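Colleague: I'm new to this one. Could you walk me through its aromatic rings?
Modeller: Gladly, here it is.
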Amino acid sequence: MASRQRVTARGAAFFVVLASLAFAASGPLARYARPVHPLFIAFGRVALAAAALSLVDLRSLARSVAALSLRQRAAVLGAGLLLAVHFALFLWGLDRTSLASALSLISLEPLAVVLCAWVFFRVRPTRSEQAGVLLATAGAVIIARGAGAGDHRLSGDLMVVGATLLYGLYVSFARALRDALPARSYAALVYTSAALFLAAALPVAPGALEGVAPPPAHAVVAIVALALVPTLIGHTAVQAAARRMSPAIVALVSPGETLGGIVIGALWLDAIPTTVELAGAAVILVGATVAILGSSASAARGAG
């Protein structure tokens, strides 16, 4: 338990900040990649991430796959399918609604993460963790109330909400397979399977392959950045953290994504947040602090 305490006290804060910053780039980068279809953007980011991780150590990856049972291989494919649909819904929804609305709604992911961990693994969050997640989610709701009406569309909002629900299951799969294979191999296999599912969907999705032969230079840069930052750094960090950290701490990455995404959108895309959005961001910071301190205190009591 002592090692768990050290991870929770320092590692939790570092993880939340690092993964939040990585995820925060996702929305603005995807918006910048227009007019490329969101489904192609989703495919490009996971395909590049899969290639990068797989090339690091092909032999180790092959050994990890060979050691998996048929049931475990099916579970990895299931995690890849969840990630593929999560990306497709989030990026497609982001394309159909305002940036502020999408980034706010994605912060509802903490509820899905904690609920799935409780339902499937009986990992009950502490009172402080529950309070922190609820505060952070309340902050996201406050931000959503201030979303601009210009690009705001209900269809896009519903797609983003669907993506948040799948995120909880995706994180639960990472926790369930933590003893089956190393974190890096798991990430490479999940990204590869997600890319295969998205590749199969591209030919049948209306307009998904339009304007991608070749794609505009700015879109290529955006897709590569999406693969390197929010995918390789952000999602890989979440997969590793889901194996050993509290689900409530892992869930706090999503509100952090909202806060960071709004800042990036304001500085880069001139999407200036309103007073309501700034108020919600402040509540998110309070929630993150409460949950991290609560998780650290719980680990300390367990160590004692």
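Colleague: Why does Tyr167 count as buried?
Modeller: First, a word on the source: this is a predicted model, where local features need pLDDT of at least 70, side-chain atom pairs count only at pLDDT 80 or more, and totals for chains, interfaces and linings use all residues. Residues are numbered from 1 along each chain as its sequence is written, and side-chain values use heavy atoms, leaving out hydrogens and water. Now, buried means under 20% relative accessible area, exposed over 50%, and partly exposed in between (1.4 Å probe, protein chains only). Tyr167 has 1% relative accessibility, so Tyr167 is buried. Tyr170, also at 1%, counts as buried.
Colleague: Why is the pair of Tyr167 and Tyr170 called tilted?
Modeller: Rings of Phe, Tyr and Trp (its six-membered ring) pair if their centres lie within 6.5 Å; planes under 30 degrees apart are stacked, over 60 edge-to-face, and the rest tilted. Here the centres are 5.9 Å apart and the planes at 55 degrees, so the pair is tilted.
Colleague: How many aromatic pairs does a search of the whole structure find?
Modeller: The search finds 3 aromatic pairs. One of them is Phe40 with Phe43, tilted, at 6.2 Å centre to centre and 55 degrees between the planes.
Colleague: What makes Phe43 partly exposed?
Modeller: Its relative accessible area is 23%, so Phe43 is partly exposed. Phe40, at 17%, is buried.
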